[in-house]
Amino acid sequence: MSRPVARKTNLYDNIRVYGPSGDLMFMTNARRANWYLDRNLAENCENMDSGIQLTFEPNGRGHYGDPFYTQELHNACVVCESIDGLVRAHVVPLALRRFFPVQIKDHAHHDVVALCLKCHRTWETHLQRFLNELATSRGVPVNGQESVYTNTLFFDGRVKAKMAASALSRYNAIPEARKAFLRGRIQDAYPELDPASPATWAYAMALPRPTVEAPGSIIVKLVIGESKDESAILRHLIMPLRAEFVRAMKPQGLPEFWSITRETP
Ligand SMILES: [Zn+2]
């Protein structure tokens, strides 16, 4: 499994984005706000507290009037309320989400929450069991010893390890901190091997391209069939995963209006 890197800065900058007529449309981070400002697509607000105002009428109405997306989000773990070492954690894991139709895939903020590293690890353990049971209940084979979760995410870990090994073996001038990070990626995928050894790098680099269909892909296809039906994904995958998150983690600090049964992601 990939090891998340904890952030030094806030997860949420909570910068308000107003439409040309002054309606609060959504919240954003500094990077995205600057992106608008740099292109003269927005101006800093004069009368409104902290925020930017778009200079153009956007196609959609953003999240205008949606209390979830127009609130400030806390820079704290939603489970234990720790403020240290936060990561963005997926309630609906990428192992499934990457196979969703694009309309659902691209709108994920509701199902990405702030977790501390400790709670993130706990959630990954629950996810692994939950996804395995989901796969088994739908008759999806999980290859040998590997679970649906490890088979996809852990496989991703091996792809990351392959790239890390390739960088380590080719470039000597990588800064030490970066090297340690790359070795960490190798260590995650191959805990039994020495991540500093060129023999390990060669082994990691020999990983073939995946040829089997990922279990996550099979599950999503079984759930939505040929229909690409968003509501089936919501009912059969997204809502049960949200419910499992609440059941297993007992989060004390979920954002207001966060809801297991929210119809849009
Ligand atoms: Zn926590």
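Reader: Why is Asn40 called exposed?

Author: This is a predicted model, and in it Asn40 has 9 other C-beta atoms within 10 Å. The cut-off for exposed is 12 or fewer, so Asn40 counts as exposed. You'll find Asn40 in the loop between α1 and β3.

Reader: What makes the phi of Asn40 worth a look?

Author: Phi of Asn40 is near 55 degrees, which is positive, and Asn40 isn't a glycine. Most residues other than glycine have a negative phi. Lys250 is another case, with a positive phi of about 45 degrees.

Reader: Where is Lys250, and is it buried or exposed?

Author: Lys250 sits in the segment after α9. Its count is 9 other C-beta atoms within 10 Å; with 12 or fewer needed, that makes Lys250 exposed.

Reader: And why is Ala243 called partly exposed?

Author: Ala243 has 13 other C-beta atoms within 10 Å. Ala243 belongs to helix α9. Its C-alpha atom is separated by 8.8 Å from that of Thr261, 18 residues apart along the chain.

Reader: How do you know which way the buried residues of α6 face?

Author: Start with who they are: Leu182, Arg183, Arg185, Ile186 and Ala189 are buried in α6. They cover an arc of only 150 degrees around the axis, so they lie on the same side of α6. Glu176 and Ala177 are exposed on the other side.

Reader: How do you know that the length of α6 is close to what is expected?

Author: Helix α6 has 14 residues, 176-189, and reaches 20 Å from its first C-alpha to its last. At 1.5 Å a residue, 20 Å is also what is expected.

Reader: What makes β5 largely enclosed?

Author: Four of the five residues of β5 are buried, so the rest of the structure largely encloses this strand. β5 pairs with β6 in the antiparallel sense, over five bridges. Two bridges are enough for strands to count as paired, so five will do. In that pairing, Leu86 stands opposite Cys116 in β6.

Reader: Why are β2 and β3 said to stand at the edges of their sheet?

Author: The open sheet has four strands in the order β2-β1-β4-β3, with mixed pairing. β2 and β3 each have a single partner strand, so one side of each is left without a neighbour in the sheet. Neighbouring strands here are turned by 30 degrees against each other on average, direction ignored.

Reader: How do you know that β1 and β4 pair?

Author: Three bridges join β1 (residues 15-18) to β4 (residues 51-54), in the parallel sense. The requirement is at least two, so they count as a pair. Tyr18 has Gln53 as its bridge partner in β4. Helix α1 lies across β1, β2, β3 and β4, and runs at about 40 degrees to β4.

Reader: Which residues of the largest nonpolar core touch the most other members?

Author: Cys77, Leu96, Leu115, Cys119 and Trp123, out of 33 residues in that core. Among the elements that give two or more residues to this core are β5, β6 and α9. The largest share, seven residues, comes from α4.

Reader: What is Cys119 in contact with, leaving aside its neighbours within four places in sequence?

Author: Cys77, Val79, Cys80 and Met249. Contact calls for C-beta atoms within 7 Å, so each of these four meets that limit with Cys119.

Definitions and conventions: Residues are numbered from 1 along each chain as its sequence is written. This is a predicted model: local features need pLDDT of at least 70, side-chain atom pairs count only at pLDDT 80 or more; totals for chains, interfaces and linings use all residues. A nonpolar core is a set of buried Ala, Val, Leu, Ile, Met, Phe, Trp, Tyr and Cys residues joined through C-beta atoms within 7 Å. A residue is buried if 20 or more other C-beta atoms lie within 10 Å of its own, exposed if 12 or fewer, and partly exposed in between; C-beta atoms are placed from the backbone. Two residues are in contact if their C-beta atoms, placed from the backbone, lie within 7 Å. Axes are lines fitted to C-alpha atoms, for helices over the stretch in contact, and angles run from 0 to 180 degrees between N-to-C directions. The expected span of a helix is 1.5 Å times one less than its number of residues. The arc is that of the directions from the helix axis to the C-beta atoms.
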